[in-house]
Amino acid sequence: MSLPTIEELASQLEAVSGAAEVSPDAPLQHIADVDSLDLMEWLYGFQNQYPHIPADESLFADLDDTTTLRDVYAKIVDLAPAQA
């Protein structure tokens, strides 16, 4: 199974939240129109689309004013099983 790109994840979060733009390097808590419910909805969609990656709400456990989508993506990459 493939791993999504960070741009794909940003587009998915834009679609869920209605945000005009989600930059991978913008702190998540400072992106207009993105809130914790949007992140959980995005996570639910991610889990359904990529069931081989054991992602859960712990992706956001240490979310603070500096956490970006790129930080979350790094956690996803670490969770993804190695490709054969």
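1. Helix α1 covers residues 6-17, which makes twelve residues, and reaches 16 Å from its first C-alpha to its last, close to the 16 Å expected at 1.5 Å a residue. The expected span is 1.5 Å times one less than the number of residues in the helix. Helices (H or I, at least four residues) and strands (E, at least two) are DSSP runs, numbered from the N terminus.

2. On the basis of the values: this is a predicted model, in which local features need pLDDT of at least 70, side-chain atom pairs count only at pLDDT 80 or more, and totals for chains, interfaces and linings use all residues. Residues are numbered from 1 along each chain as its sequence is written, and side-chain values use heavy atoms, with hydrogens and water left out.

3. Which residues of α1 are buried? They are I6, L9, A10, Q12, L13 and S17. These residues cover an arc of only 160 degrees around the axis, which puts them on the same side of α1; the arc is that of the directions from the helix axis to the C-beta atoms. On the other side of α1, E7 and A15 are exposed. Here buried means under 20% relative accessible area, exposed over 50%, and partly exposed in between (1.4 Å probe, protein chains only).

4. The buried residues of α1 pack against α2 and α3, where contact means heavy atoms within 4.5 Å. Just after α1, G18 takes a positive phi of about 85 degrees.

5. Helix α2 has 14 residues and reaches 20 Å from its first C-alpha to its last, close to the 20 Å expected at 1.5 Å a residue. In α2 the buried residues are D38, L39, W42, L43 and F46. Seen down the axis of α2, these fall within an arc of 135 degrees, so they line one face of the helix. L37, Y44 and N48 are exposed on the other side of α2. The buried residues of α2 pack against α1 and α3.

6. At the start of α2, a side-chain oxygen of D35 reaches to within 3.1 Å of the backbone nitrogen of L37. A polar contact is a pair of N or O atoms within 3.5 Å; within protein, one must be able to donate a hydrogen and the other to accept it, and residues adjacent in sequence count only if both atoms are side-chain atoms.

7. The structure holds three aromatic pairs. In one of them, the rings of W42 and F46 have their centres 5.6 Å apart and their planes at 35 degrees, so the pair is tilted. Rings of Phe, Tyr and Trp (its six-membered ring) pair if their centres lie within 6.5 Å; planes under 30 degrees apart count as stacked, over 60 as edge-to-face and the rest as tilted. Being four residues apart in helix α2 (residues 36-49), W42 and F46 are separated by about one helical turn. W42 is buried, with a relative accessible area of 3%, and F46 is buried at 0% relative accessibility.

8. W42 also forms an edge-to-face pair with F60, at 6.2 Å centre to centre and with 70 degrees between the planes. This pair links distant parts of the chain, with W42 in helix α2 and F60 in the loop between α2 and α3 (69-79), 18 residues apart. F60 counts as buried at 10% relative accessibility. Ring pairs link W42, F46, Y50 and F60 into a cluster.

9. L63 lies in the loop between α2 and α3 and is partly exposed, with a relative accessible area of 24%. Leaving aside its neighbours within four places in sequence, L63 is in contact with L28, Q29 and L39. L63 and L28 are 35 residues apart in sequence and 8.3 Å apart in space, C-alpha to C-alpha.

10. As to the whole, the protein has three helices and zero strands, in the pattern α-α-α along the sequence. With 84 residues, a compact globule would have a radius of gyration near 12 Å, and the 12 Å of the protein agrees; the radius is taken over C-alpha atoms, and the globule rule is 2.2 Å times the number of residues to the power 0.38. The C-alpha trace spans about 40 × 25 × 20 Å along its principal axes. Of the 84 residues, 36% count as buried.
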